Amino acid sequence: MSKALDFKGLESLVEAREIDTVLVCFVDMQGRLIGKRFHARHFLHSAWKETHCCNHLLATDLETSILEGYASTSWQSGYGDYTMKPDLATLRRVPWLEGTAMVLCDVLDHHGHEEVTISPRAILKRQVARLAELGFDAMMATELEFFLFKESFEDIDRSGFREITPISSYNEDSHIFQTTKEEHIMRPIRNHLWNAGIPVESTKGEAETGQEELNIRYALAMDTADFHTFAKHAVKEIAWQQGHGVTFLAKWHQGKVGSSSHVHQSLWQKGKNIFFDSTDSLGMSELMKSYMAGLLHYAADYTYFMAPYINSYKRFSKGTFAPTRIIWSVDNRTAGFRLCGAGTKTVRVECRIPGSDMNPYLAMAAMLAAGIAGIEAKLQLPPPTVGDAYQGDTGMIPNSLAAARDALRDSSFLRAAMGDEVVDHYTRAAEVEIEAFDAVVTDWEIARGFERA
Ligand code: ADP
């Protein structure tokens, strides 16, 4: 089994001069690692207890802009500090960077030392705790897709995002020969992640030119979100080290399929998957059926957490393996929810709605909240859809960020499960994206109307 690092192990590596730098990070609203690089000796001396960051870092956008309208901080409140408290259970080596380790932090209020409600790790922790009160553990896996390019990030940027060439010239779905040509990037990704304690299962070519998928073994929800975040960061840095750009945009080109991050989920008790019931024709327990009924019933409410940008909604198009409808089906990749491992002890539900641009803590927290609501209300699961789920117009996924923002803002379910502070904060985040987009004249508008309008 791959293994992370403990505090004593870090002390020994620092003593042996194998580690001299510790990245002390938290996860931001966009699911990125944000933080500081500490000299390892200073980390061991004191920073392992806590450090600080400006509180605008959890009230921002992809550009890390200073933005109006977030209740958590403002010019009026003077943009004070948050405390970053290392969670030493997340300590691990960063094997692709010389002499470097990393730890994830919880974000605490600077004065009271309470966890900051809107912090993504805190949001997931709360739903995991609610589930634990019911006596269950959530086991989850995220299947992360992304595109690899021939050019570097810097060259792509210099070309104004016009010269972008996928690393393969043909659809590399499950292709061994084509992916052999990418092993200078993908092999270090698998090995470095494994050596950092991330239980990598596999990588494979996906259904497009230059598209890849990374699978990590299912684990407790919090670990899965931490693995996902670290792995996404690793992919960017390792590709960059090899001179290649990579994107986790949900849809980087209108002529190509998008990238998803499907979330597999099952509930466990005493080391057993309690979604399984051998007496049911599909092997689904009553608990699983209510959990899934909750997932489906509230999916529109929490779509924002699975698709947080304007671009995310371009991915939901027919015939691309991305779903368009909130329905479930048995082992059917056209539906929003797919039953996997039917009739076996590995029975689980795969939510296919999240894009590769999701923040896993937020998406998984929202799914757990929906599943819990389904269990508590003993919701009835409708019958599965059979055949091509793209045919039909019921249960459509919200078709734009504005529609998902409205559903989030108006969700009494999410307000009860996550709290008003969280819902209002992320509603503002959705508005910020919409305002930023509306303020731009796009290339498409110019090309369409410049001469002909
Ligand atoms: P697919 O057909 O979607 O590629 P895989 O067999 O590759 O499915 O499994 C996808 C993911 O599901 C893997 O990351 C695996 O670890 C995870 N998985 C397997 N069993 C469970 C389970 N009981 N609960 C949650 N995730 C699981």
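Me: What separates the centres of domain 1 and domain 2 here?

Reply: The gap is 26 Å, taken over C-alpha atoms. The bounds come from an automatic or database domain assignment, which gives domain 1 as 7–115 and domain 2 as 127–444. Keep in mind that this is a predicted model, where local features need pLDDT of at least 70, side-chain atom pairs count only at pLDDT 80 or more, and totals for chains, interfaces and linings use all residues. Residues are numbered from 1 along each chain as its sequence is written, and side-chain values use heavy atoms, with hydrogens and water left out.

Me: How do you know that the two domains are in contact, and how many residues take part?

Reply: Contact means heavy atoms within 4.5 Å. By that test, 24 residues of domain 1 are in contact with 24 residues of domain 2.

Me: What makes the protein chain as compact as a globular protein of that length?

Reply: Start with what it holds: 14 helices and 15 strands. Those are DSSP runs numbered from the N terminus, helices being H or I with at least four residues and strands being E with at least two. Now set the radius of gyration, 22 Å, against the 22 Å that the globule rule gives for 453 residues: the value is close to the rule, so the chain is as compact as a globular protein of that length. The radius is taken over C-alpha atoms, and the rule is 2.2 Å times the number of residues to the power 0.38. Along its principal axes, the C-alpha trace spans about 65 × 60 × 55 Å.

Me: Which share of the contacts links residues 24 or more positions apart?

Reply: That share is 71% of the contacts with a separation of 6 or more.

Me: Why is Met-367 called buried?

Reply: Buried means under 20% relative accessible area, exposed means over 50%, and partly exposed is in between, with a 1.4 Å probe and protein chains only. Met-367 has a relative accessible area of 0%, so it is buried. It belongs to helix H10, residues 360–376. Leaving aside neighbours within four places in sequence, Met-367 is in contact with several residues, among them Tyr-291, Tyr-302 and Cys-351. Val-22, on the other hand, sits 345 residues away along the chain, and the two C-alpha atoms are separated by 33 Å.

Me: What about His-56 and Tyr-79: where are they found?

Reply: Tyr-79 lies in the loop between strand E3 (51–54) and strand E4 (81–93), and His-56 is found in the loop between E3 and E4 too. His-56 counts as buried because its relative accessibility is 14%. Tyr-79 has a relative accessible area of 14%, so it is buried as well. They also touch: leaving aside neighbours within four places in sequence, the contacts of His-56 include Tyr-79, Thr-64 and Ile-66.

Me: Are Glu-133 and Glu-15 buried or exposed?

Reply: Glu-133, with 71% relative accessible area, is exposed, and Glu-15, with 56%, is exposed too. Glu-133 is in helix H3, residues 120–133, while Glu-15 is in helix H1, residues 7–15. Glu-133 and Ile-185 are 52 residues apart in sequence and 43 Å apart in space, C-alpha to C-alpha.

Me: And why is Asp-424 called partly exposed?

Reply: Asp-424 has a relative accessible area of 41%, so it gets the in-between label, partly exposed. Asp-424 is found in helix H13, residues 420–438. Its C-alpha atom and that of Ile-118, 306 residues apart along the chain, are separated by 9.7 Å.
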